[in-house]
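Look at the model first, then read on.

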Amino acid sequence: MPPDNKPYDVIIAGGGLAGLALSIQLARSGYSVALLEKETYPYHKVCGEYISLESWNFLEELGLPLSDWNLPVIHQLLVSAPNGESIRHELPLGGFGISRFKLDAALAAIARSEGVELRESVKVTDMRFERSLFVVQTSNGVLYSKLACGTYGKRSNLDIKWRRKFTFSKSDRLNNYVGVKYHVQADIPDDLIGLHNFRDGYCGISRIEDGKCCLCYITAARNLRESGNSIPAMEMDILRRNPFLDKIFSTANFLFQQPVTISQISYERRTRVEDHILFIGDAAGMIPPLAGNGMSMALHGSKIAYHCIDAWLKGQTARYEMEQEYIDRWNRQFGKRLWVGRVLQTWFGSERRTNSLLNSLKPFPKLVTFLIRQTHGEPF
């Protein structure tokens, strides 16, 4: 417990974008916050590292000097099919590139400066609601809080322990994916993000800080199995059938000795609250990377959660009312985005469909603009 032997106001499990942003907002309002992160900053994680400009003002309000970092601003989208068919289109709002290595560490420094008790290399093993308090079991002992939030990302052992429904879904086009990320030096325009499709997967590449590029792809786990569980073999035999990816992989300078990877990714529907735990970011619901914007959703979700939690901690609402308000506001903001993302995932999951879809969309640029807008929000 904190030094005064009182429970924390809020304990947050997971120090990614949602957890860090929420902790900063709560600490600035005077609440006692413990943020528990299993890794140690700075560290790399599987992520496309493209953020919609809808998040720019919010991140600067949190304290990030984005305008001083000379980050690449991205206004063009290039989408290619496995056979090389492609569409290049203006992004209605645009985005910017920054690595999670840089971004998360900077937010962690701000959180500490605001008074967040940030505990690194601490794994949360359970959260239980008992007699109006949460009992949080960790690798370093037991903590207590009035409220607990899960912001731990795409998948956690906690999801399985709590038997969250999406963990029991059979394999289909919405679950059992593998993510792979590299940082590379590549000859691509500063203002362009490329989304290159291959059989049962897609690869994004765009610039981040210091002249580097983030190359990150998501693929069905069966592609890896069919390649003898060899990532290089899968890249050679499957990804590089796309002419754009073949050129990138043959000419880029790969800066990691080994890629950063994650498995068992699922885009199935998830609940926002279970047993009084608020889920935020990817833990609340994931948009397929092809639709983009998962990072902005995590940040915006933290702002929604903060306002609901703040009112509850001030005694203005009951716990149930706070939870329902968070669910309702989250659904209004992101429900349509997730639905459109899942539809796009279905269309782009098939090699034949992707080839024909891009060819069909070329004569209709307004339709392309419409689809992009459905997966992006307004500045918040």
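This is a predicted model: local features need pLDDT of at least 70, side-chain atom pairs count only at pLDDT 80 or more; totals for chains, interfaces and linings use all residues.

## Salt bridges across the chain

Searching the whole structure gives 17 salt bridges. One of them joins the side chains of K45 and D104, at 3.9 Å from N to O. K45 sits in the loop between β2 (33–36) and β3 (50–52), while D104 belongs to helix α3 (residues 100–113), so this pair ties together parts 59 residues apart in sequence. D104 counts as buried because its relative accessibility is 2%.

A second bridge links E49 and K181, with an N to O distance of 2.8 Å. E49 is in the loop between β2 and β3, and K181 is in strand β10 (residues 177–185), so the bridge ties together parts that are 132 residues apart in sequence.

D104 has another partner. It forms a salt bridge with R100, and the closest N and O atoms are 2.8 Å apart. In general, an α-helix has 3.6 residues a turn, so residues three or four places apart point the same way. R100 and D104 are both buried. Together, K45, R100 and D104 are linked in a network of salt bridges.

G15 also meets D104. G15 lies in the loop between β1 (8–13) and α1 (17–28). It counts as buried because its relative accessibility is 0%. Its C-alpha atom is 8.0 Å from that of D104, although the two residues are 89 apart along the chain. Beyond its sequence neighbors up to four places away, G15 touches L20, L35, L36, E37, Y41, Y43 and D104.

## S99 and its partners

S99 is in the loop between β5 (86–97) and α3. Its relative accessibility is 1%, so it counts as buried. What joins S99 to E209? A polar contact of 2.5 Å links their side chains.

Leaving aside residues up to four places away in sequence, S99 touches E49, H183, I208 and E209. E49 in that list is the residue that forms a salt bridge with K181.

## A buried glutamate without a bridge

E323 lies in helix α9 (residues 319–348). Which side chain of opposite charge is nearest to E323? It is R319, 4.8 Å away. A salt bridge needs a separation within 4 Å. E323 is therefore buried yet has no salt bridge. Not counting residues up to four places away in sequence, E323 touches V273, H276 and L278.

## Two sides of helix α7

Helix α7 (residues 243–251) has L245, I248 and F249 as its buried residues. They cover an arc of only 90° around the axis, which puts them on the same side of α7. K247 and T251 are exposed on the other side.

What do the buried residues of α7 pack against? Their partners are β11 (192–198), β12 (201–207), β13 (213–220), α6 (231–237) and β14 (253–254). At the start of α7, N242 uses a side-chain oxygen to reach within 2.8 Å of the backbone nitrogen of F244.

How many disulfides does a search of the whole structure find? The count is 0. A disulfide would need a pair of cysteine sulfur atoms within 2.5 Å.

Take C47 as one case. Its closest cysteine sulfur is in C214, at 6.8 Å, which is too far for a bond. C47 counts as buried because its relative accessibility is 9%. C308 is another case. The closest cysteine sulfur to its own is in C149, at 11 Å, again too far for a bond. C308 is buried too, with a relative accessible area of 4%.

How values were computed:
Residues are numbered from 1 along each chain as its sequence is written. Side-chain values use heavy atoms; hydrogens and water are left out. Buried means under 20% relative accessible area, exposed over 50%, partly exposed in between (1.4 Å probe, protein chains only). Helices (H or I, at least four residues) and strands (E, at least two) are DSSP runs, numbered from the N terminus. Lys and Arg count as positive and Asp and Glu as negative; His and the chain ends are not counted. Contact means heavy atoms within 4.5 Å. The arc is that of the directions from the helix axis to the C-beta atoms. A polar contact is a pair of N or O atoms within 3.5 Å; within protein, one must be able to donate a hydrogen and the other to accept it, and residues adjacent in sequence count only if both atoms are side-chain atoms.
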